Amino acid sequence: MKPVTCFAFVQNATLEKKVIDCLSRFKSIQFFGFVNQRVDFLERMSYFRPEILILDLSQRKNEETDILEMIHKPPIILGIISSKENTQFWLDKGLFDVVPAQFNNELLVRKIYKIIRIISDINNNYQFEPVAAESPIPYPYKPPKPSFQSKENDSFFIRYQKVTTKIKTGIITVITKENKFLAIETSTNQLYFHESTIKASALKLPAFLIRINNATIINLHYIDKIQKDRVYLGERMFRISRSYFYQFKNALEALQQQE
């Protein structure tokens with residue numbers, strides 16, 4: 001995945017430290033740095049346009065509103081606002097999302113992960129790269145029906161920030177790697193973080209949760225479409241790397257034979 005560019009204008013040293021801590025967890029972010037002076041911020045924004053801008057809006061509301069009118073707005077702005085501020089006011093000004101100045105690190109990590117996922121989906125939908133031919137997967141492709149009755153490893157224990165949680169493997173849709181932890185998405189629209197690796201987790205999961213590249217595990221039950229080395233879960237596209245293609249193909253064929 002191409003790194004996502006990010007820049008921040010944060011005027012408070014404590015906030016800056018918290019933001020740095022959260023951003024450091026994402027290897028997929030190319031961070032351009034911080035500024036804490038209005039003049040420096042406007043100057044930097046005049047010659048580059050990051051994909052994500054983290055903007056401290058918790059100090060002086062009138063001046064901060066003016067800033068939004070003076071810059072070339074990047075695709076996604078994540079605002080840090082006073083807890084007393086009206087969230088809708090800033091969303092109407094064109095912000096993608098906001099967090100209160102008293103945010104905890106997990107909240108900001110979740111917000112940033114959501115943003116990266118959206119940018120990745122957009123980039124994937126507009127990539128047209130030549131693909132080497134592989135042995136075709138049998139068509140017409142008919143997605144297997146989701147099964148939640150599997151007795152094989154039907155539960156998975158995840159651990160994040162010293163808290164262990166048990167989840168059903170059948171509701172896991174996709175697992176992606178983000179630096180030192182994994183992001184686990186479910187069919188119930190929940191997002192979990194797990195302090196582990198793709199390799200270690202793949203060994204503990206049932207056969208329908210299959211690794212397709214160095215950073216992704218998908219649930220075969222939730223596949224909607226396959227095109228050469230691309231697999232779609234709804235509108236989201238994931239690439240199947242050459243080294244995992246036959247493993248993926250064999251697992252898919254075995255699952256279809258069980259239906």
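Author: The model is a predicted one. Its secondary structure comes to seven helices and 15 strands. Of the 259 residues, 48% count as buried. Among contacts between residues at least 6 apart in sequence, 62% join residues at least 24 apart.

Reader: Why is histidine 194 called buried?

Author: Buried means under 20% relative accessible area. Histidine 194 has 8%, so the residue counts as buried.

Reader: Where does histidine 194 lie, and what does histidine 194 touch beyond four places in sequence?

Author: Histidine 194 belongs to strand β10, residues 191-194. Its contacts, apart from residues up to four places away, are Phe156, Phe157, Ile158, Arg159, Phe181, Leu182, Ile184 and Ser201. Each of these has heavy atoms within 4.5 Å of the histidine, as the term contact requires.

Reader: What makes serine 155 count as buried?

Author: The cut-off is again under 20%. Serine 155 has 17% relative accessibility and therefore counts as buried. Serine 155 is found in strand β6, residues 155-160. With neighbours within four places left aside, serine 155 is in contact with Lys166, Ile167, Lys168 and Thr169.

Reader: What is the strand order in the open sheet of five strands?

Author: The order is β2-β1-β3-β4-β5, and the pairing is parallel. 

Reader: Which strands of that sheet are called edge strands, and why?

Author: They are β2 (29-35) and β5 (97-100); each pairs on one side only. From one strand to the next, the twist averages 20 degrees.

Reader: What is the order of the open sheet of three strands?

Author: That sheet runs β13-β14-β15, with antiparallel pairing. Its edge strands, β13 (225-227) and β15 (236-239), each pair on one side only. The twist averages 25 degrees from one strand to the next.

Reader: What makes β13 and β14 a pair?

Author: At least two bridges are needed. β13 and strand β14 (residues 230-233) have three, in the antiparallel sense, so they count as paired. Lysine 225 stands opposite tyrosine 232 in β14.

Reader: How do you know that β12 pairs with β8 and with β11?

Author: β8 and β12 pair in the antiparallel sense over three bridges, and isoleucine 217 in β12 is the bridge partner of isoleucine 175. Strand β11 (residues 209-213) and β12 pair in the antiparallel sense over four bridges. In that pairing, isoleucine 210 stands opposite isoleucine 218 in β12. A hairpin through two residues joins β11 to β12.

Reader: Which way do the residues of β12 point, and are they buried or exposed?

Author: Thr216 and Ile218 point one way from strand β12 (residues 216-219), Ile217 and Asn219 point the other way, and all are buried. In a regular strand the side chains alternate between the two faces of the sheet.

Reader: What is the volume of the second largest pocket, and which residues are closest to its centre?

Author: The volume is about 350 Å³. Of the 18 residues that line this pocket, the closest to its centre are Arg117, Glu185, Thr186, Asn189 and Arg236. The elements that give two or more residues to the lining are α5 (105-125), β8 (172-178), β9 (181-186) and β15. α5 gives the most, with four residues.

Reader: How do the lining residues of the second largest pocket divide by type?

Author: They divide into six nonpolar, six polar and six charged.

Terms used:
Residues numbered from 1 in each chain as written. Predicted model: local features only at pLDDT ≥ 70, side-chain atom pairs only at ≥ 80, totals over all residues. Heavy atoms only, no water. Buried < 20%, exposed > 50% of the residue type's maximum accessible area, 1.4 Å probe, protein only. Axes fitted to C-alpha atoms, helices over the stretch in contact; angles between N-to-C directions. 1 Å grid on protein atoms, 1.4 Å probe; cavity = no way out; pocket = protein on both sides within 12 Å on 5 of 7 lines; lining within 4 Å. Points joined across faces, edges and corners; volume = space filled by probe spheres on them. Nonpolar A, V, L, I, M, F, W, Y, C, P; charged D, E, K, R; others polar.
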